[in-house]
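Work through the exercises below with the model open. Each task is followed by a stepwise solution.

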Amino acid sequence: MSERTLVLIKPDAVRRGLVGEILGRLERKGLALDAVELRTMDAALADAHYAEHVDKPFYPPLKDFMTSGPLVAAVVSGDDAIAVVRLLTGPTDGRKAPGGTIRGDFGLSNRENLIHASDSAASAEREIALWFPKI
Ligand code: CMP
């Protein structure tokens, strides 16, 4: 079933020049880019996007990181796109993510982990409405 999901290519990936690599992996897999924008997350958007994490101890440094510079927000679509993009992304911690995944190939951190991808249909709908209210 065709689905849409929200991807954020995080500020670490933008600083490291990995935007093309990451978008290329999504495109080569056969997924479509319905929207792609360079954006900067402000504090209010961070609190809304990460509503389920705002009370966690890792949230303050996560918020500082996510608002530290531009990121690339994208709506990605295709067959089972939510699960497929999560597979390409790999587990949260780059040290535990297998080779072949974006986090496994490019990172060593569980905070500065290059990419966010919606984790369910409900999250995708909520996050796309937050980042791209017009599409
Ligand atoms: P993301 O997919 O954007 O969803 C929540 C984010 O919180 C996650 O990627 C990481 O960037 C960050 N995160 C999750 N768990 C931890 C943790 N234990 N320590 C630091 N950052 C974390």
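**Exercise 1.** How far is an oxygen atom of the ligand from a polar backbone atom of R111?

*Solution.* The model is predicted: local features need pLDDT of at least 70, side-chain atom pairs count only at pLDDT 80 or more, and totals for chains, interfaces and linings use all residues. Residues are numbered from 1 along each chain as its sequence is written, and side-chain values use heavy atoms, without hydrogens and water.

- Step 1. The R111 distance is 2.9 Å. A polar contact is a pair of N or O atoms within 3.5 Å.
- Step 2. A polar backbone atom of N110 lies 3.4 Å from a nitrogen atom of the ligand.
- Step 3. For R103, a polar side-chain atom is 3.2 Å from an oxygen atom of the ligand.
- Step 4. On its own the ligand has 460 Å² of accessible area (Shrake-Rupley method, 1.4 Å probe). The protein covers 80% of that area.

**Exercise 2.** Locate H116 and list what it touches.

*Solution.* 
- Step 1. UniProt lists H116 for "active site" in an unreviewed entry; such annotations may be inferred rather than shown by experiment.
- Step 2. H116 sits in strand β4 (residues 115-117). Strands are DSSP runs of E, at least two residues, numbered from the N terminus.
- Step 3. The relative accessible area of H116 is 11%.
- Step 4. Not counting residues up to four places away in sequence, H116 touches (heavy atoms within 4.5 Å) L6, V7, L8, K10, H49, Y50, R103 and E127.
- Step 5. H116 is also among the residues that surround the ligand (a heavy atom within 4 Å).

Terms used. Helices (H or I, at least four residues) and strands (E, at least two) are DSSP runs, numbered from the N terminus. Buried means under 20% relative accessible area, exposed over 50%, partly exposed in between (1.4 Å probe, protein chains only). A polar contact is a pair of N or O atoms within 3.5 Å; within protein, one must be able to donate a hydrogen and the other to accept it, and residues adjacent in sequence count only if both atoms are side-chain atoms.
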